[in-house]
Amino acid sequence: MRLYALAVYLFLYIPIAVIALFAFNAGRHASQFEGFSTQWFGKALSNPFVMEAFRTSLTVALASAVLATLCGTMAALALQSVGGRLRAAFDALIYVAVMVPGIVIGIATLIALVTVFNWLNPVLAALWPLGAAAPQFSLGYGSLILAHGLFSMALVIIIVRARIAGMDRSLIEASADLGATPWGTFRQVTLPQIFPGILAGFLLSFTFSFDDFIIAFFVAGSKTTLPIYVFSSIRRGVTPEINAIGTMVLAVSLVLLITAQGLLQRGRRRA
Amino acid sequence: METPQTQPIAELRDASKHYGAVVAAEGLNLAIQRGEFLSFLGPSGCGKTTALRMLAGFETPTRGDVLLDGQRVNDLPPHRRPVNMVFQHYALFPHMTVADNIAYGLRQRRPRPPEAEVAAAVERALERVRLPGYGPRRIWEMSGGQQQRVALARALINQPKILLLDEPMAALDKNLRRDMQIELQTLQRSLGITFVLVTHDQEEALSMSDRICIMRGGRIVQVGSPRDLYDRPVNRYVADFVGKSNFFDGRVSRVGGGAGALTAAGGITFAGPVSCTRGVTEGAAATASLRPEDIALRRRLAPAAGETGVPVQVRTRIFLGEHTEYLVAHPDLGDFLILASRQAEAAEGSFGPGDTGFAAWRDGAARILDND
């Protein structure tokens with residue numbers, strides 16, 4: 001039994017370990033270790049295509065995480081005062097949003113956006129003043145941010161809701177009793193109490209967007225995110241440069257995930 | 001016209017709170033006097049917490065009015081009411097220090113008082129609850145008793161017109177509770193602030209309050225001083241809640257001039273003042289309440305005038321120090337309690353389980369009550 005468990009873990013983690021290991025390969029082949037070197041990290045970081053993809057990913061991840069955190073937190077707060085069947089329906093929809101496979105979200109978002117753009121662009125062109133070229137909606141930053149933000153929002157709602165549920169309601173009453181206005185209570189009591197949840201939601205949203213390939217692949221349009229870049233470049237053969245990129249993404253994701261987990265744990269202890 | 005001195009500091013006028021079909025409070029009428037210590041007493045679900053929350057502003061009455069200082073405040077939200085509350089589990093803000101918790105109320109004022117003033121007030125408040133120098137501590141570093149004193153300081157620093165206390169001792173152990181009761185009473189006397197306490201602990205209510213409001217099923221059953229309630233309960237419920245008593249159901253056999261008699265099983269008669277709230281007629285079902293300390297346990301029945309005696313057998317004997325409590329059995333009346341003082345024990349000798357004797361009480365010692 002123990003051997004079996006060990007085998008499973010090896011199967012899961014050896015490929016990842018190998019990727020990280022070969023990122024430090026001195027040679028130019030991904031299958032033959034020829035000595036230790038960090039040259040591939042340098043190569044990756046000085047490759048303009050990598051850096052462009054990195055910037056795109058970072059922008060999309062930041063923007064979608066901010067969007068998801070803001071909307072998700074507001075939704076979680078508003079859902080407190082929703083009861084009964086409506087609440088159950090909302091809960092169900094939120095969980096569905098998290099469980100729907102990425103490929104479905106990708107296709108659905110693509111079809112929806114393209115349909116809307118096809119309808120909106122001619123209208124816009126018709127309404128635009130003569131002599132100027134009307135702006136065209138197309139896939140790109142906007143669609144990436146929206147698609148990622150939409151998925152992450154469900155994550156944020158779930159995390160922040162759990163935090164609100166774990167909060168002592170009498171704290172809010174105590175604050176009102178001591179003369180704080182509803183806004184004062186929110187700012188001084190509710191927000192500090194749920195802040196670890198909000199921050200954890202933000203970090204998870206960021207990580208999700210930064211790592212996502214499937215949804216991005218459908219809605220990226222002409223933009224290239226880091227995962228899309230990696231996917232397209234391995235078709236030309238795996239070099240240690242790809243390993244270096246993978247290792248960096250892995251490191252950043254792990255740090256963010258562990259931080260988020262730590263925040264949620266600490267919140268649970270204090271509550 | 002009422003003068004400000006006699007005008008109650010708070011009033012409930014026919015105040016009711018319904019949640020759909022559930023009645024939390026029904027037709028509460030109560031005037032709370034300036035500077036008094038009033039307790040709402042009753043089991044859980046009796047409406048006492050609802051009454052308190054209507055005063056604080058957390059509940060709006062479905063019908064009737066809440067008045068503070070003669071002003072109708074039904075629609076005034078909690079943060080604009082000049083009352084403060086000590087919550088059952090204190091509700092201290094865990095992300096703030098002790099000092100920040102206490103300063104919270106002052107910092108909500110507009111214009112905001114200068115920080116030096118706030119800090120000085122916090123230090124004074126900490127001294128008042130005997131926690132000087134505890135300001136920089138975190139809430140979770142404080143014990144239960146200390147947390148409660150912080151909650152008290154946080155409420156009192158605002159100089160509320162009324163301090164509302166929602167079962168504040170429920171989470172404390174017994175010794176600490178006793179200390180805290182004395183401390184609360186001393187604070188209330190020295191500050192002259194009106195205190196309104198909610199509790200299910202009759203001892204707590206009896207030992208601290210000027211007046212007690214006994215509630216049941218969302219209604220007020222009786223309001224009075226602890227002595228009033230003990231000596232003149234209006235019904236079996238109050239008599240049972242305030243101190244221990246024996247109850248004997250029967251029918252009223254004589255009534256008139258505020259006194260009467262009740263004949264219970266076996267033709268045994270209990271005579272005493274009548275304090276029924278319903279009109280009582282001869283033959284009506286009622287109950288006689290007889291306090292255990294008003295019954296004597298004797299070896300022999302000395303047929304004294306104006307005394308009733310019945311033969312009983314001792315079931316159990318519990319030594320309580322100052323007193324000894326006997327549970328005795330009578331074939332018609334069933335089991336009842338007798339509380340014998342040390343002097344009585346010395347005169348009659350002590351009884352053991354199985355011993356027989358006589359239970360005797362002075363005519364007029366019983367009270368004829370509503371049997372609900």
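Author: Start with axes: they are lines fitted to C-alpha atoms, for helices over the stretch in contact, and angles run from 0 to 180 degrees between N-to-C directions. Elements come from DSSP: helices are H or I runs of at least four residues, strands are E runs of at least two, and both are numbered from the N terminus. This is a predicted model, in which local features need pLDDT of at least 70 and side-chain atom pairs count only at pLDDT 80 or more, while totals for chains, interfaces and linings use all residues. Residues are numbered from 1 along each chain as its sequence is written, and chains are lettered from A and ligands numbered from 1 in the order in which they are written.

Reader: At what angle do helix 6 and helix 8 of chain A pack?

Author: Helix 6 of chain A covers residues 141-165, and helix 8 covers residues 182-211. They pack at about 155°, with axes 9 Å apart. Helix 6 of chain A is therefore roughly antiparallel to helix 8 of chain A. The scale is this: under 35 degrees is roughly parallel, over 145 roughly antiparallel, 65 to 115 roughly perpendicular, and the rest oblique.

Reader: Is the crossing of helix 6 and helix 8 of chain A left-handed or right-handed?

Author: Look at the near helix: turned anticlockwise from the far one by less than a right angle, the crossing is left-handed; clockwise, right-handed. The crossing of helix 6 and helix 8 of chain A is right-handed.

Reader: Which residues of helix 6 and helix 8 of chain A meet?

Author: Contact means C-beta atoms, placed from the backbone, within 7 Å. From helix 6 of chain A the contact includes A:His148, A:Phe151, A:Leu155 and A:Ile159. Helix 8 of chain A supplies residues including A:Ile194, A:Gly197, A:Leu204 and A:Phe208. By class, this contact of helix 6 with helix 8 of chain A has 13 nonpolar, six polar and one charged residues. Here Ala, Val, Leu, Ile, Met, Phe, Trp, Tyr, Cys and Pro are nonpolar, Asp, Glu, Lys and Arg charged, and the others, Gly among them, polar.

Reader: How many residues of chain B are in contact with chain A?

Author: 17 residues of chain B contact 16 residues of chain A. Strand 6 (83-86) and helix 2 (98-107) of chain B each supply at least two residues of that side of chain B. The side of chain B that touches chain A has nine nonpolar, seven polar and one charged residues.

Reader: Now the sheet. What is the strand order of the five-strand open sheet in chain B?

Author: Two strands pair if DSSP finds at least two bridges between them. The order is 15-19-16-17-18 in chain B, with antiparallel pairing. Strand 15 (296-298) and strand 18 (334-341) of chain B are the edges, each pairing on one side only. From one strand to the next, the twist averages 45°.

Reader: Which strands of chain B pair with strand 16, and over how many bridges?

Author: Strand 16 (residues 307-319) and strand 19 (residues 356-362) of chain B are antiparallel over seven bridges. B:Glu307 has B:Arg362 as its bridge partner in strand 19 of chain B. Strand 16 also pairs with strand 17 (residues 323-330) of chain B, antiparallel over six bridges. There, B:Arg317 stands opposite B:Tyr326, and B:Gln313 stands opposite B:Ala329.

Reader: How many residues lie between strand 16 and strand 17 of chain B in their hairpin?

Author: Three. In that turn B:Gly321 has a positive phi of about 90°. A hairpin through three residues also joins strand 17 to strand 18 of chain B. Strands 17 and 18 of chain B pair in the antiparallel sense over eight bridges. B:Val328 faces B:Phe336 across that pair, standing opposite it in strand 18 of chain B.

Reader: Is B:Glu167 buried or exposed?

Author: B:Glu167 is buried, because 20 other C-beta atoms lie within 10 Å. B:Glu167 is not a glycine either, yet has a positive phi of about 45°. Its loop runs between strand 7 (162-166) and helix 5 (174-191) of chain B.

How values were computed. Contact = placed C-beta atoms within 7 Å. Buried ≥ 20, exposed ≤ 12 C-beta atoms within 10 Å, placed from the backbone.
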